[in-house]
Amino acid sequence: MTEAGAIPPVLLVGCGRMGSALWRGWQAQGLSPSVVVDPTPADLAPPHVKVGDAGQVPAGFRPAIIVLAVKPQMAERVLPAILPFTNDAVVLSIMAGRTIDGLAALLGNTAVVRAMPNTPAAIGRGVTVACAGPGVQLAQRELCDRLLAAAGTTAWVDDEALLDAVTAVSGSGPAYVFLLAELLEAAAIEQGLPAPLARTLARLTVSGSGALLDASPDEDAGSLRRAVTSPGGTTESALGVLMADVAWPASIRAAIEAATQRSQALAR
Ligand SMILES: NC(=O)C1=CN([C@@H]2O[C@H](COP(=O)(O)OP(=O)(O)OC[C@H]3O[C@@H](n4cnc5c(N)ncnc54)[C@H](OP(=O)(O)O)[C@@H]3O)[C@@H](O)[C@H]2O)C=CC1
Ligand SMILES: O=C(O)[C@@H]1CCC=N1
């Protein structure tokens with residue numbers, strides 16, 4: 001048993017944008033990975049050991065969980081290097097597309113959990129969907145959930161194939177929302193607003209609307225949208241453009257389909 005707030009030894013392999021976002025979420029909860037492997041890790045607070053290569057992980061270190069947060073294309077290079085540390089550890093992979101079977105084939109008998117988080121994890125507002133592979137024990141699944149839940153909401157699925165669509169919707173999703181803020185800012189400038197004001201309006205509109213959505217669990221998004229839309233008013237004019245079949249409905253559908261297919265294509 002570990003004391004409250006403490007976690008068993010964690011090996012974090014890859015501390016770039018998503019690995020560090022998870023770490024920030026853990027840190028806010030008073031949790032910290034024990035050893036971080038990354039040639040150029042994000043600058044995060046101790047206590048921890050940072051090494052540039054799995055070969056430099058302190059001999060005798062016995063992680064209970066190994067979090068894989070390197071690029072999917074790095075798996076073949078990185079996984080053999082962590083084999084000496086797998087022992088009884090569960091491997092929690094957040095690599096897009098990389099399948100439980102594919103990882104298990106590279107890791108021997110190791111228990112594998114595949115998960116798809118997103119970057120709001122850095123402020124504890126992420127959402128992660130996870131799938132446990134064969135042989136994952138209840139305690140290992142609970143440990144994975146504990147680390148993922150420190151970074152936001154978690155859900156588990158039995159059907160691993162669903163993770164491709166999850167990746168397209170929530171894994172990549174923050175990028176779509178940030179794109180909206182970028183486009184709103186650019187369009188505001190085109191309409192003559194000073195650049196600093198355009199930036200402020202775009203950012204606060206996106207973040208404030210997200211906060212309102214979050215604070216309105218009993219209202220669906222369509223109802224919040226209708227509350228902005230006065231008959232014959234300005235919003236109606238804008239939505240007539242955005243909601244045309246060939247506009248956002250088609251674009252969002254095509255975008256999610258493209259991302260889902262890319263996740264499927266990364267499968268190995
Ligand atoms: N970014 C996101 O929003 C999300 C990403 N993911 C998944 O997370 C994974 C990481 O993505 P992301 O954080 O964006 O990518 P990053 O490139 O930001 O992070 C990967 C990190 O791994 C480091 N690295 C490279 N080689 C090794 C090695 N041999 N051992 C240890 N670390 C190494 C990289 O260092 P260097 O830069 O020096 O090469 C880099 O810091 C991917 O598999 C992605 O599919 C999942 C959900 C969301
Ligand atoms: O773009 C990617 O492939 C990764 C997975 C989800 C978000 N970023």
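Guide: The shell around ligand 2 divides into one nonpolar residue, three polar residues and no charged ones. This is a predicted model, in which local features need pLDDT of at least 70, side-chain atom pairs count only at pLDDT 80 or more, and totals for chains, interfaces and linings use all residues. Residues are numbered from 1 along each chain as its sequence is written, and chains are lettered from A and ligands numbered from 1 in the order in which they are written.

Visitor: Which residues surround ligand 2, and what makes a residue polar or nonpolar here?
Guide: Ligand 2 is surrounded by Ala96, Thr167, Gly171 and Ser172. A residue is near a molecule if its C-beta atom, placed from the backbone, lies within 6 Å of it. Ala, Val, Leu, Ile, Met, Phe, Trp, Tyr, Cys and Pro count as nonpolar, Asp, Glu, Lys and Arg as charged, and the others, Gly among them, as polar.

Visitor: How do the residues of the shell around ligand 1 divide by the classes nonpolar, polar and charged?
Guide: That shell holds 15 nonpolar, seven polar and four charged residues. Of the 26 residues around ligand 1, Gly14, Gly16, Met18, Met95 and Ala96 come nearest. Helix 1 (17-28) and helix 2 (75-82) are the elements that give two or more residues to the shell. Helix 1 supplies the largest share, three residues.

Visitor: In what order do the eight strands form the open sheet, and why is one side of strand 3 and of strand 8 left without a neighbour?
Guide: The order is 3-2-1-4-5-6-7-8, with mixed pairing. Strand 3 (49-51) and strand 8 (152-156) stand at the edges with a single partner strand each, so one side of each has no neighbour in the sheet. The twist from one strand to the next averages 20°, where axes are lines fitted to C-alpha atoms and angles run from 0 to 180 degrees between N-to-C directions.

Visitor: Why is strand 7 said to be largely enclosed?
Guide: Seven of its seven residues are buried, so strand 7 is largely enclosed by the rest of the structure. A residue is buried if 20 or more other C-beta atoms lie within 10 Å of its own, exposed if 12 or fewer, and partly exposed in between. In a regular strand the side chains alternate between the two faces of the sheet. Accordingly, Gly126, Thr128, Ala130 and Ala132 are buried on one side of strand 7, and Val127, Val129 and Cys131 on the other.

Visitor: What makes the crossover from strand 4 to strand 5 right-handed?
Guide: The term applies if, with the strands pointing away from the viewer, the path from the first strand over the helix to the second runs clockwise. Four bridges join strand 4 to strand 5 (residues 90-93) in parallel, and valine 67 has leucine 92 as its bridge partner. The chain crosses from strand 4 through helix 2 to strand 5, and this β-α-β crossover is right-handed. Strand 7, helix 4 (residues 138-149) and strand 8 also make a right-handed β-α-β unit.

Visitor: Is alanine 69 buried or exposed, and is arginine 253 buried or exposed?
Guide: Alanine 69, in the loop between strand 4 and helix 2, has 24 C-beta neighbours inside 10 Å and therefore counts as buried. Arginine 253, in helix 10 (residues 248-265), has 10 such neighbours and so counts as exposed. Of the 268 residues of the protein, 33% count as buried.

Definitions and conventions. Two strands pair if DSSP finds at least two bridges between them.
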